[in-house]
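Take a walk through this fold with the coordinates open. Keep the sequence numbering at hand.

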Amino acid sequence: MASKLSRRDRIKKGIRKNIAGSTERPRLTVFRSNKGIYAQIIDDVAGKTIVSASTLADKLATNVNKTEQSKLVGKLIAEKAVAAGITTVVFDRNGYLYHGRVKSLAEGAREGGLNF
């Protein structure tokens, strides 16, 4: 288990060297656990979270699979971001592969109106 986490940390550091959120284009970051998926839009210059959404906190539909829940979280974060005046973001997959639930969240965010 330690090797998977250290591999993800190594990938994450490589990604974060090249990606940073600004006021004009904040960073959309994803965290995935066994129980749910979490997304935040972060302004790295100010060091503040602008909006956030998750499967656990927002009580999304529980009768669908995790991939569909991820898509709903993506749409929800996009709605919140558009309401806050954000249309373009930098996508930070946080060391996870762009596959499965992470990809589903990204597609949901694009469908909701975010550009990245």
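The model is predicted.

Start with helix 3. This helix covers residues 101-112, which makes 12 residues. From the first C-alpha to the last, helix 3 reaches 16 Å, close to the 16 Å expected at 1.5 Å a residue. Its buried residues are Arg101, Val102, Ser104, Leu105, Ala106, Gly108 and Ala109. Now look at the spacing within that list. An α-helix has 3.6 residues a turn, so residues three or four places apart point the same way. The cover over the buried residues of helix 3 includes strand 1 (27-32), strand 2 (37-43), helix 2 (66-83) and strand 4 (90-92). Just past the end of helix 3, glycine 113 adopts a positive phi of about 120°.

Glutamate 68 sits in helix 2. Its relative accessibility is 41%, so glutamate 68 counts as partly exposed. Between glutamate 68 and glycine 108, the C-alpha to C-alpha distance is 9.2 Å, with 40 residues of separation in sequence. Glutamate 111 pairs with lysine 71, with 3.4 Å between the closest N and O atoms. Glutamate 111 belongs to helix 3 and lysine 71 to helix 2, so this pair too links distant parts of the chain, 40 residues apart.

Next come the strands. Strand 2 and strand 3 (residues 48-54) run antiparallel and are joined by six bridges. Within this pairing, isoleucine 42 stands opposite threonine 49 of strand 3. The two strands form a hairpin with four residues between them. In the turn, glycine 47 has a positive phi of about 70°.

Which partners does aspartate 44 have? One is arginine 16, in a salt bridge of 3.9 Å, N to O. Arginine 16 lies in helix 1 (residues 2-18), and aspartate 44 lies in the loop between strand 2 and strand 3, 28 residues away. Both ends are partly exposed: arginine 16 has 34% relative accessibility, and aspartate 44 has 26%. Another partner is arginine 27, whose closest N and O atoms to aspartate 44 are 2.9 Å apart. Arginine 27 is in strand 1 and aspartate 44 in the loop, so the bridge ties together parts that are 17 residues apart in sequence. Is arginine 27 buried or exposed? At 6% relative accessibility, arginine 27 counts as buried. These contacts belong to a network of salt bridges that links Arg16, Arg27, Asp44 and Asp92. The structure has five salt bridges in total.

Phenylalanine 31 and tyrosine 38 make a tilted pair, 5.9 Å centre to centre with 35° between the planes. Phenylalanine 31 is partly exposed at 37% relative accessible area, and tyrosine 38 is partly exposed at 28%. Why is the pair of phenylalanine 91 and tyrosine 98 edge-to-face? Their planes stand at 85°, with the ring centres 6.2 Å apart. The cut-off for edge-to-face is over 60 degrees. Phenylalanine 91 is buried, at 16% relative accessible area, whereas tyrosine 98 is partly exposed at 36%. Finally, ring pairs connect Phe31, Tyr38 and Tyr96 into a cluster.

Terms used: Residues are numbered from 1 along each chain as its sequence is written. This is a predicted model: local features need pLDDT of at least 70, side-chain atom pairs count only at pLDDT 80 or more; totals for chains, interfaces and linings use all residues. Side-chain values use heavy atoms; hydrogens and water are left out. Rings of Phe, Tyr and Trp (its six-membered ring) pair if their centres lie within 6.5 Å; planes under 30 degrees apart count as stacked, over 60 as edge-to-face and the rest as tilted. Buried means under 20% relative accessible area, exposed over 50%, partly exposed in between (1.4 Å probe, protein chains only). The expected span of a helix is 1.5 Å times one less than its number of residues. Contact means heavy atoms within 4.5 Å. Two strands pair if DSSP finds at least two bridges between them. A salt bridge is a side-chain nitrogen of Lys or Arg within 4 Å of a carboxyl oxygen of Asp or Glu.
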